[in-house]
Amino acid sequence: MKNFIKRYPGLILLSFISILVCVLNFVPNTFLSGWDTIHPEFDFKEYFGRVFSIWQQHQGLGAVASQAHASELPRLLIYFPFSFFVPIESLRYLYFFLCLLIGPVGVYFFVKEIVKSNISFTSREVVAFVCGLFYLLNLTTLQQFFVPLEMFATHYATLPYLFLFATKYLLNLDKKHLFYFVITN
């Protein structure tokens with residue numbers, strides 16, 4: 001633990017600030033509703049059926065599933081196990097708060113990867129912390145989480161990791177493969 005604190009002080013502080021933002025925004029005994037009022041936690045069996053359905057009977061007079069209901073499956077696989085331990089009204093809060101925590105952590109690691117060899121450890125830690133903090137506290141984050149929609153929160157949480165893994169992949173290509181990659185694309 002001591003080694004982890006020495007190695008990632010910015011990450012610990014960033015996580016603490018993210019958790020503080022989550023705690024200050026949690027309203028107990030309320031349901032978090034956003035753009036839509038589709039709450040899978042009310043009836044998982046019915047919602048799992050909707051995920052695999054082409055025709056959405058519950059929308060007006062019925063409609064074709066134009067909102068990519070099948071893409072909800074990964075989120076449901078997170079909601080369902082947590083429903084055994086977390087009160088039903090807190091499930092959606094938990095998902096959004098996890099996204100709010102995971103996104104800045106991804107930015108932190110992405111920035112540390114980018115500035116890996118250019119500056120000292122202390123400077124790299126400060127830069128990664130400030131970038132993660134900016135990602136957490138900017139106005140776009142407020143806009144995405146003020147009236148929440150799962151796809152925006154998921155995008156917020158996963159985008160830094162997409163950048164991180166793409167950067168790691170491109171940095172680990174040797175020059176022969178990189179030349180081939182540039183020529184063929």
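**Close-up 1. The crossing of α4 and α5 is right-handed.** A crossing is called right-handed if the near helix is turned clockwise from the far one by less than a right angle, and left-handed if anticlockwise. The model is predicted, so local features need pLDDT of at least 70 and side-chain atom pairs count only at pLDDT 80 or more, while totals for chains, interfaces and linings use all residues. Residues are numbered from 1 along each chain as its sequence is written, and side-chain values use heavy atoms, with hydrogens and water left out. Helices are DSSP runs (H or I, at least four residues), numbered from the N terminus. The axes of α4 (residues 73–82) and α5 come within 10 Å and cross at roughly 125 degrees; axes are lines fitted to C-alpha atoms over the stretch in contact, and angles run from 0 to 180 degrees between N-to-C directions. α4 is therefore oblique to α5, given that angles under 35 degrees count as roughly parallel, over 145 as roughly antiparallel, 65 to 115 as roughly perpendicular and the rest as oblique. R75, I78, Y79 and F82 of α4 meet L91, R92, L94 and Y95 of α5, where contact means heavy atoms within 4.5 Å. This contact has six nonpolar, no polar and two charged residues (Ala, Val, Leu, Ile, Met, Phe, Trp, Tyr, Cys and Pro count as nonpolar, Asp, Glu, Lys and Arg as charged, and the others, Gly among them, as polar).

**Close-up 2. Helix α5 passes α6 in a right-handed crossing.** The axes of α5 (residues 91–114) and α6 (residues 121–137) come within 8 Å, at a crossing angle of roughly 145 degrees. Residues of α5 in the contact include L100, G103, P104 and V107, and those of α6 include F121, R124, A128 and Y135. By class, the residues of this contact are 12 nonpolar, two polar and three charged.

**Close-up 3. L133 lies in helix α6.** Leaving aside residues up to four places away in sequence, L133 touches L14 and I17. The C-alpha atoms of L133 and S18 are 8.5 Å apart, although 115 residues separate them along the chain.

**Close-up 4. Helices α7 and α8 (residues 150–171) pack at an angle of about 145 degrees.** Their axes are 8 Å apart. T141, Q144 and F145 of α7 make the contact with F152, A153, H155 and Y156 of α8. Four of these residues are nonpolar, three are polar and none is charged.

**Close-up 5. The lining of the second largest pocket draws on α2 (9–25), α5, α6 and α7 (139–146), each supplying at least two residues.** The lining residues comprise 12 nonpolar, four polar and no charged.
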